[in-house]
Each structure stands twice: as C-alpha cells, then as structure tokens.
Amino acid sequence: MRHEIEEIPQVVAGFLEGSADVVAEAAAVLRDRQPPVVATIARGSSDHAASYLKYAIELTLGIPVASIGPSVASIYGAPLKLDRAVAIAISQSGKSPDIVGMARAAREGGATTIAVTNTAGSPLTEAVDFTVDLEAGVEQSVAATKTFVTSVVAGLAILSRWAGDEELIAAVAALPEAFQRAVACDWSELIAALDGHDALYVLGRGPGWAIANEAALKFKETCGIQGEAYSSAEVMHGPVSIVTPGFPVLALAARDAAESSVAEMAHALAGKGAKAFLTSDLPGAASRLPFAATGHPITDPLALIVSFYGFVEALAHHRGLNPDAPPMLKKVTETV
C-alpha cells in the first residue's frame, strides 16, 4: 500500500500523458450526446470516485448526476428509461457481475455507456460503448489507492475537455506535482490522537464529502476503526449527539466555496471538547493538518485523499495491523 501511494504522482502523470486521445474521444462522445442527465454505476471506492465526479459535473456543467444501484438490474431486473443519458461505470477490476449487468442494462435502456477501469479486456469493457483504461499498473494492496485517484483524474480530464474549461484543463495537468506535495504532508500528529479510539467522524462537503466517504472506508478497511462520513451540514442533524469530549473528528476542508462551513463545524466541535483536526488555515479551535493546495476548487479535494492515504497506512502499522491484507477482504469483490 505504501509503495502504491507513493506511485500516485507517477501513475497520474503517465495516465495524463498517454490518454490524450482517449480523453478527447470520450469528451467528444459526451459533447455529441448532450445528455440531460448522467448516471453512475459503481461500488466501494469506485462509488466514491463517482460521487466526486457527480459534484464536479454538476458544479461545472449544471447537468444532474444520479447514482444507479447495481441491484436494480442484477437482483430486481427492472428496466430503466435512459434514452439520451450517459452512464459511467467505474470499476478497477471490471469483473463484478452486478456492475457489468447494470452497465449492460443501461446500454439496453438507451444510454451511451462509458467504462473507467484498470483492467483491459474485462467483462465490463465488453458491456459498454466506450472504455477509458486507467493503465495504473497492478494494484496489489486490497485497499484501492492509486486506482481511486486515477479514476477521479480520468473523469476530471474528460470533464474539463467536455466543458472546454481551460482553467480546469490546466489544473488537471498540474495534479502530478500537487500529489507529490500531498504525499509529503505529515499527518502523524493525528496517529497519536487516535490512540484508544475505535470510532470517529470524517467531515466534508461537496467533492470533499466524496473524499470523506473514501477516508471513512479506509479507516474501516485498514485499521478496523468505525469511520463515519458526514457532510458538515448534516452532522448537526443527530450525529453530533455522540460527540463527547475527546471524540475524534477529521474535517477535510478544500479550497472551495464549502471551506468555511467545514472549518466552522470543526472549530465548533473542538470548542465542545472533540479532538478535531482540520485541513484549512481558517483560524479556530481545531488542530491544523498540512495540505497541498492545487489552485482549483474542483481538483483541490482530491489532493487531500493522497495525504490521507499515507497517514492511514502508517496508522494501521501503528496499531499492529497489516494494511496490505486486511482480514476478511479480498482485492476483487464479485457481487451479484
């Protein structure tokens, strides 16, 4: 896992360099289709990547994005009316029967289907109209890291060309350097703060909420910690009731319009006695964690997960666990 985290800048740079043609082709498909809605099909970390792209597409193009539960096709067999829609299926392995089945059903329902996968020639690639191959190399750790980040980068690269957004195009091109800085961010202060704790909240908002969900999953996968992700706007609607003195909170604030609201909640919880840590320079009671700013609000949250990955891998070792092979988990999960 540590090696694969450190590979992220290089893998992303390689993808961006080698994928110009396929990115341009995918963007052309989307421009030509002019979809009134985009659907996503994914599970686990891939679904968090899809959630990130949902916010990115909605904020950039104003096109609504909806996640389709794979069981709609695989278990319930319900046809969907997706004429003129675009459906994006994200799967590192491209092998899970429910993802493949839902992608095939979306195509049959009239959608133009695109797969984002790290496995060329997988069943998913045969079920869709168009495939974007991440070419991230073999990922041996059970916990997805470089494939998650590269999946989001692939989506953002396509989106930036689809929208003709020159600032976003430049920001995506600069991500390898930003990720190099993100890998170097030291969150070791948070490791000791979690001693004696087996649960915490992870807060975010917008694309940062997708990152919070990915972080919460990695706490569970690699460390056996019950991480729960909440929007900073939702945590006050009930979940705050279990935030007692000393309760850990990780607030993932990006340099975007939601930064102040995430920071305000982290500082408020710290003021009530929580052990709150925040990726922002906005002043208050929460402890600051270093971050690598990317210079663009759509890409900025993604650098946070790169820093987080390095931290959570170290945390697992600190707790005497092997983050590469968590118990009861396997690399390819094939659900129906």
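Reader: Which residues line the second largest cavity?

Author: That cavity is lined by G204, R205, G208, L252, A253, A254, D256, A258, E259 and V262. A cavity is a set of points on a 1 Å grid over the protein atoms alone where a 1.4 Å probe fits but cannot get out, and lining residues have an atom within 4 Å of a point. Its volume is about 30 Å³. Bear in mind that this is a predicted model, where local features need pLDDT of at least 70 and side-chain atom pairs pLDDT 80 or more, while totals for chains, interfaces and linings use all residues. Numbering starts from 1 along each chain as its sequence is written, and side-chain values use heavy atoms, without hydrogens and water.

Reader: How many cavities of 30 Å³ or more does the structure hold?

Author: Two. Around it you'll find L30, L53, I57, I88, I114, V116, G155, I158, L159 and W162. Two or more lining residues come from each of α3, β4 (112-117) and α7. Helices (H or I, at least four residues) and strands (E, at least two) are DSSP runs, numbered from the N terminus.

Reader: Okay, which element gives the most to that lining of the largest cavity?

Author: Helix α7, with four residues.

Reader: Now helices. How do I read which way a helix faces?

Author: An α-helix has 3.6 residues a turn, so residues three or four places apart point the same way. Now try α8, residues 166-173: L168, I169, A171 and V172 are buried there. These four lie on the same side of α8, because they cover an arc of only 165° around the axis. On the other side, E166, E167 and A173 are exposed. Buried is under 20% relative accessible area and exposed is over 50% (1.4 Å probe, protein chains only).

Reader: What covers the buried residues of α8?

Author: Among the elements doing that are α1 (2-18), α3 (44-61), α7 (146-163) and α9 (175-183).

Reader: You keep mentioning α3. Is S45 buried or exposed?

Author: S45, which sits in helix α3, has a relative accessible area of 12%, so S45 is buried.

Reader: Which residues is S45 in contact with, leaving aside its neighbours within four places in sequence?

Author: Look for A144, F148, E214, L217 and K218 around S45. Contact here means heavy atoms within 4.5 Å. F148 is a handy one to start from when you look at S45 in the model.

Terms used:
Arc of directions from axis to C-beta. 1 Å grid on protein atoms, 1.4 Å probe; cavity = no way out; pocket = protein on both sides within 12 Å on 5 of 7 lines; lining within 4 Å. Points joined across faces, edges and corners; volume = space filled by probe spheres on them.
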